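Trainee: I want to learn how to read charged pairs and nonpolar cores in a model. Where do we start?

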Amino acid sequence: MRKRLVTALALTAAAGCGAPGAVPDSTVSPGVTQTATATKRPPADPDTAGAHADFDGDGNEDLVITDTSATVNGTYAAGYAAVVYGSTAGPDARRHQVITQDGLGLGKAGTGGRFGSGALSADLDGDGRSDLITQAGSDTVFVVWGGKRKLSGAARLSGATPVAGDFDGDGHADLVTSGSTDSEATVRFGPFTRAGKPARTKTLDLTPDKSSYYTPRPTGVGDVNGDGKDDLVVTWSHVFADEMPVPRATVVYRGAANGVLTKGPRLKDARGKDMYGSVTLTSDVNKDGFDDVIVSLTCESIGDVAVPEGGSRVMVAYGGKSGQSTSLKPTTINEKTAGLPGKPVSSHCGFGYAPTTGDVNGDGYADVAFSAPAEAGKDTTTVILVLRGGPKGLTGKDATSTGLPMGPMLAIQDLNGDGAAELAGGTWYETGADDTVRILRGGPSGISTSGPTLIGLADLGLKPTPGRGFDFGH
């Protein structure tokens with residue numbers, strides 16, 4: 001079995017007790033972001049974004065909840081990460097832990113540090129338990145170690161935009177972070193010591209081959225060429241006057257046994273043009289043994305909303321021996337895709353927002369969920385679409401819509417261990433006192449909207465703050 005990258009859930013939500021660094025009198029409200037974890041999985045399984053983070057090693061996946069905007073101990077936007085530990089019945093809100101930078105004993109959080117940013121998980125020390133990895137500030141990464149009962153102890157590393165995978169195929173999780181220069185990254189190879197020292201380290205030059213794309217960032221990990229070693233997905237961006245990086249190309253750097261990652265293909269869409277987006281995922285949606293790269297292009301920029309040429313969309317580049325399939329053309333999903341329910345539109349800036357991937361019906365194909373604007377009379381609403389993976393890749397066939405008010409930030413994760421992942425999201429446009437994480441069960445027929453599990457602020461020991469809406473982190 002090879003080590004594979006999967007993505008987990010991080011819900012911007014609550015504080016509680018029993019944690020290092022509880023969040024007294026914090027001003028927060030829940031939402032959803034993405035995390036990632038490297039774990040061993042059978043090759044037949046999809047490389048899903050359903051989480052396999054198991055911090056206490058009990059065999060049940062655990063739910064990561066973050067709020068990077070939280071005021072902690074009087075420090076604005078210090079942020080925190082909370083863990084709700086899993087069970088065969090799903091996430092158990094009675095067992096939760098809140099982690100803050102202040103509680104790690106590795107330096108106090110600064111204003112705007114946003115602990116919890118880019119939260120992901122991987123077993124860096126090789127003890128069989130996932131470890132929590134998160135950025136704080138512009139050039140600091142913290143690793144909080146998994147343990148028999150809970151996360152405890154931490155290490156502090158330099159770098160930003162962390163991603164994890166097994167890039168040399170030795171069975172140990174490795175960590176890649178952006179470096180101090182725009183074109184430099186650091187690859188730290190596992191296993192790590194509890195002091196955060198890797199087995200070895202290499203510097204990776206990510207310099208784009210086109211001068212106008214001068215901001216490369218690691219954004220995803222997956223074995224796209226099927227050689228048993230994870231590959232690094234890098235986004236090349238252009239930075240305009242407002243200093244907002246705007247993606248312009250997606251590049252695969254191939255993993256290698258000697259740890260020297262080499263630049264592979266620039267991913268192309270069906271027209272032969274560069275494929276890029278603001279969110280990058282990997283999963284095997286056609287179950288052919290090659291991880292596929294999924295990107296969503298919802299807006300051309302984040303600061304000033306600009307609808308992309310051709311409308312916002314989700315795109316899939318299918319993996320292959322060379323890094324991109326030569327037999328299966330890339331897929332573009334937009335409002336014209338046959339079979340989509342809910343009358344979605346993509347001319348608005350928002351189709352394909354916050355995509356997430358996982359196997360919701362247990363058939364071995366990775367599915368993809370995302371939010372999209374939809375016309376409802378004279379108004380535009382938001383629908384949550386779940387698209388099924390299959391032998392022909394990602395299509396609108398048998399696509400479903402939840403029909404429930406859920407925040408546009410979503411995640412798919414198998415929270416009860418039955419092989420069919422659940423869909424989780426936050427409530428949408430509700431007051432702070434009503435903020436809730438809603439979890440819909442997966443099963444052979446896909447996502448079920450009956451009997452959802454609700455986790456509210458009170459369940460996690462957080463004082464409600466009426467009037468606040470969601471703060472959806474990234």
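Mentor: Start with burial. Buried means under 20% relative accessible area, exposed means over 50%, and partly exposed lies in between, with a 1.4 Å probe and protein chains only. This is a predicted model: local features need pLDDT of at least 70, side-chain atom pairs count only at pLDDT 80 or more, and totals for chains, interfaces and linings use all residues. Residues are numbered from 1 along each chain as its sequence is written, and side-chain values use heavy atoms, with hydrogens and water left out.

Trainee: Is Asp92 buried or exposed?

Mentor: Asp92 is buried, at a relative accessible area of 16%. Arg94 is exposed, at 75% relative accessibility. Their side chains form a salt bridge, 3.0 Å from N to O.

Trainee: What counts as a salt bridge?

Mentor: Side chains of opposite charge can pair when their charged atoms come close. The cut-off here is a side-chain nitrogen of Lys or Arg within 4 Å of a carboxyl oxygen of Asp or Glu.

Trainee: How many salt bridges are found in the whole structure?

Mentor: The search finds 12. One of them joins Asp56 and Arg95, at 3.2 Å from N to O. This pair links distant parts of the chain, 39 residues apart. Asp56 sits in the loop between strand 2 (31-41) and strand 3 (63-67). Arg95 sits in the loop between strand 4 (80-84) and strand 5 (96-99). Strands are DSSP runs of E, at least two residues, numbered from the N terminus.

Trainee: How accessible are those two partners?

Mentor: Asp56 is buried, at 5% relative accessibility. Arg95 is partly exposed, at 33%.

Trainee: Which residue does Lys229 pair with?

Mentor: Asp227, with the closest N and O atoms 3.8 Å apart. Lys229 is buried at 17%, while Asp227 is partly exposed at 34%. Elsewhere, salt bridges with shared partners join Asp125, Asp127, Arg129 and Arg194 into one network.

Trainee: Now the nonpolar side. What defines a core?

Mentor: A nonpolar core is a set of buried Ala, Val, Leu, Ile, Met, Phe, Trp, Tyr and Cys residues joined through side-chain atoms within 4.5 Å. The largest one here has 19 residues. Ile333, Phe370 and Leu387 have the most contacts inside it.

Trainee: Which strands supply at least two residues each?

Mentor: Strand 20 (313-317), strand 23 (367-376) and strand 24 (379-387). Strand 23 gives the largest share, 4 residues.

Trainee: What is Ile333 in contact with?

Mentor: Contact means heavy atoms within 4.5 Å. Leaving aside neighbours within four places in sequence, Ile333 touches Arg313, Val314, Leu340, Phe351, Phe370, Leu387 and Leu394.
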